[in-house]
Amino acid sequence: MANGTTAATSEQRFLQPLWDLRLGYEDWLMSPLFPVFMSIFFYFVECIPFMLIDMYCCHQKWYLKYKIQPDKEVSIPLVWDTLTLTFWNHVLFILPAAMAQWVWQPPTPLPEMAPPLWEFVWHQVAALLIFDFQYFVWHWTHHKVRFLYRHIHAVHHRYSSPFSWVTQYLHPWELITVGFLTTTNTWFFNCHCLTTWSYMVASITVSVEAHIGFDFPWLLHNIMPFGLYGGSPKHDMHHQKPLTNFQPFFNHFDRIIGSYCPPMSGGGIKSKALLEYERKQRETKKQG
């Protein structure tokens, strides 16, 4: 028993210096508004650099090498359009929801100890896997049911070549659904608040990364083995071929139901797998 306690204490100490940074800021961190404003802050911080790259580096060789659809320009009117919808969604839906949380939700308890490192990691991975499945079902349904696609999800598909601000270019119902699922998934595990906040940032990061329209070699889909993770090339292909690649992050469910489409890589290069996929699709249409 003593050995187990020692091991748990050792794990807690690994994250304790990070968790101790909260000291002196407890009133801010305990507020139900903190996760909302943290999420908004990180979303803008992560989108802005890619917006600047799209607007000011679009004629450089390295840009054309890594951009998945290098022939599609990200112009000021497109950025303005996506930012306008993002602004009104936040004002009309996110802000009222945040104020409701502030009024009805009690302050967030802040434990003295940080979460154990293993718990901190696996809780976030599990929550991402759960969200991946939840949104896969929601996403597939909103493509297959014509009414749902036309009146809700079609907003997101206005852009066949995604860029960072397209991440939250959403119908309010989709934005509310994504926000609700992201917020509540950590409740399954009764997560430490540090884990919950880290999961929110991780969820925003992988969502933005899926829409940036780049195939940089250091992105997760180029690092994770066995093709488990789709990343930006896979989701970019979904915007080009909307009846494919419904899973937001990973690939296993798309492979199981046969909706997986091999993606293009940077520079608009089509792999042999994608060329073969398109050949089979053409033959199927001819036979039909």
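I looked up which helices line the second largest pocket: helix 1 (2-19), helix 3 (34-56) and helix 9 (193-211) each put in at least two residues. Helices here are DSSP runs (H or I, at least four residues; strands are E, at least two), numbered from the N terminus. Helix 9 gives the most, with four residues.

This is a predicted model, so I kept in mind that local features need pLDDT of at least 70, side-chain atom pairs count only at pLDDT 80 or more, and totals for chains, interfaces and linings use all residues. Residues are numbered from 1 along each chain as its sequence is written, and side-chain values use heavy atoms, with hydrogens and water left out.

Next, the surface. I found a nonpolar patch made of Phe 87, Trp 88, Val 91, Leu 92, Phe 93, Trp 173 and Ile 176, with about 680 Å² of accessible area together. Helix 5 (76-104) and helix 8 (172-184) each give two or more residues to this patch, and helix 5 gives the most, with five. Patch residues have over 30% relative accessible area and no salt bridge, with nonpolar side chains joined within 5 Å; areas are Shrake-Rupley with a 1.4 Å probe.

How many salt bridges does the structure hold? I count eight, each a Lys or Arg side-chain nitrogen within 4 Å of an Asp or Glu carboxyl oxygen. I noted Asp 81 with Arg 158, at 3.4 Å, N to O. That pair links distant parts of the chain, 77 residues apart: Asp 81 is in helix 5, Arg 158 in the loop between helix 7 (146-151) and helix 8.

Last, I checked UniProt, whose unreviewed entry puts "transmembrane region" at residues 33-57, 78-100 and 120-140. In the model, residues 78-100 are 100% helix, with end C-alpha atoms 32 Å apart.

Note on methods:
UniProt positions are given in the numbering used here, feature names are shortened, and annotations may be inferred rather than shown by experiment. Patches are made of residues with over 30% relative accessible area and no salt bridge: like charges are joined within 9 Å, nonpolar side chains (Val, Leu, Ile, Met, Phe, Trp, Tyr) within 5 Å.
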